[in-house]
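Colleague: Hi! Could you walk me through this structure in plain words?

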Amino acid sequence: MGSKLGKNKYLFIRIKIALSMIMKRKVSFKKIFNATHCWIAQKFRFVKSSKFPFIINFELWNECNAQCTFCRSEDGEIYDLNPNNSGKDAIEKGRMPLKVFSEIIDQSKDHILLAVPYVNGEPLMYPDLYEALKFASDRKVATLISTNGELLTEKNIKKLLDSSLDFLKIAISGFSQDIFTIQHRGCDIEKIKENMRNLARMRDEGGYEILVMLDYIYYEYNAHEYSEALELGRELGFIVSRRPGNLHKLAEEHPELAQKEKPQDDNTNLPIKDLCDWPWKVMTVNWDGSIYPCCDYVVWGDQKVDAKFETGKSQIEEIWNGSTKINNRKVHLTDGRAGYDICSKCTRTGTAFKF
């Protein structure tokens, strides 16, 4: 039943998100101009981009309750994916002060299309998540988060819905507990199914306008359960997406399953010369205020930061086209992805994979 997945371009989902943002009046001429300027700057290989990125990712807290196989040890330590750091300390954990998030949103609210307040952690564990989402929404900034669904209690669902969150992804990797916990070690799929049903009911009863996607993380070992997930997603009125799983560490914990998996990334045809979109379009802010070119940097130790955001001092507009950022773009323009170790093995193109 398994089949090799091609790249998921998420075109339908992106259109749905865009239409939802327009209906909620979270799109303006200034934001469209900024996004267009970012796109032109990358397309025509300018070293300066627009005044602001059009997407900003925030690592509010990199703690998680799922302890997924590819991401963390059973004790919850975050793997450092930099091969030069193999065997060294795990990625440091920490929580972003709400003031950092709020100040960045205030500075960029008239220009960015989307704030994504999660990177590596489970966003529902962040105590101030609902305040952060409401803060962004009140300033007409659209928001998107991804959750494993374990903490979607009725109380938390109500707070999410009232925060005016625009797009919610619920990521699962199976439909029975035995299969599901191969990746999601710390979660209960039956509880998550119940939470999803409660979410759909409360969404409909309250007339809330929120897009929900059931994000099925697909492996050969869980392929036979995808149809059940698809059926439930359709029943609940969710968008259902299927994307390739992450094979990192699977061979160590489940060698018999790893042998049956097909390669999901073509490492013989990497887009080394393809100009990455992220340096011109997207900013990532780690929990400690470190600003990076993309999400992968938060789990790749010993990387130089673009800048360190300090409340009351830093300006996103200055950082976005500052000397460090311009130098980063110059390297991409001259050497492509080969200019940085972290980029040289990357198979992604565009920014759609964030969705």
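**Salt bridges and a helix**

Modeller: Happy to! Glu154 has a relative accessible area of 42%, so Glu154 is partly exposed (buried means under 20% relative accessible area, exposed over 50%, partly exposed in between, with a 1.4 Å probe and protein chains only). This is a predicted model: local features need pLDDT of at least 70, side-chain atom pairs count only at pLDDT 80 or more, and totals for chains, interfaces and linings use all residues. Residues are numbered from 1 along each chain as its sequence is written, and side-chain values use heavy atoms, leaving out hydrogens and water.

Colleague: Which side chain does Glu154 meet in a salt bridge?

Modeller: That of Arg201, at 3.5 Å, N to O. A salt bridge is a side-chain nitrogen of Lys or Arg within 4 Å of a carboxyl oxygen of Asp or Glu.

Colleague: Is Asp215 buried or exposed?

Modeller: Asp215 counts as buried, because its relative accessibility is 0%.

Colleague: New topic: how many residues of helix α3 are buried?

Modeller: 9 of the 11 residues in α3 (residues 98–108) are buried, so the helix is largely enclosed by the rest of the structure. Helices here are DSSP runs of H or I with at least four residues, strands are E runs of at least two, and both are numbered from the N terminus.

Colleague: What do those buried residues pack against?

Modeller: Their partners include β1 (55–58) and α4 (129–138), where contact means heavy atoms within 4.5 Å.
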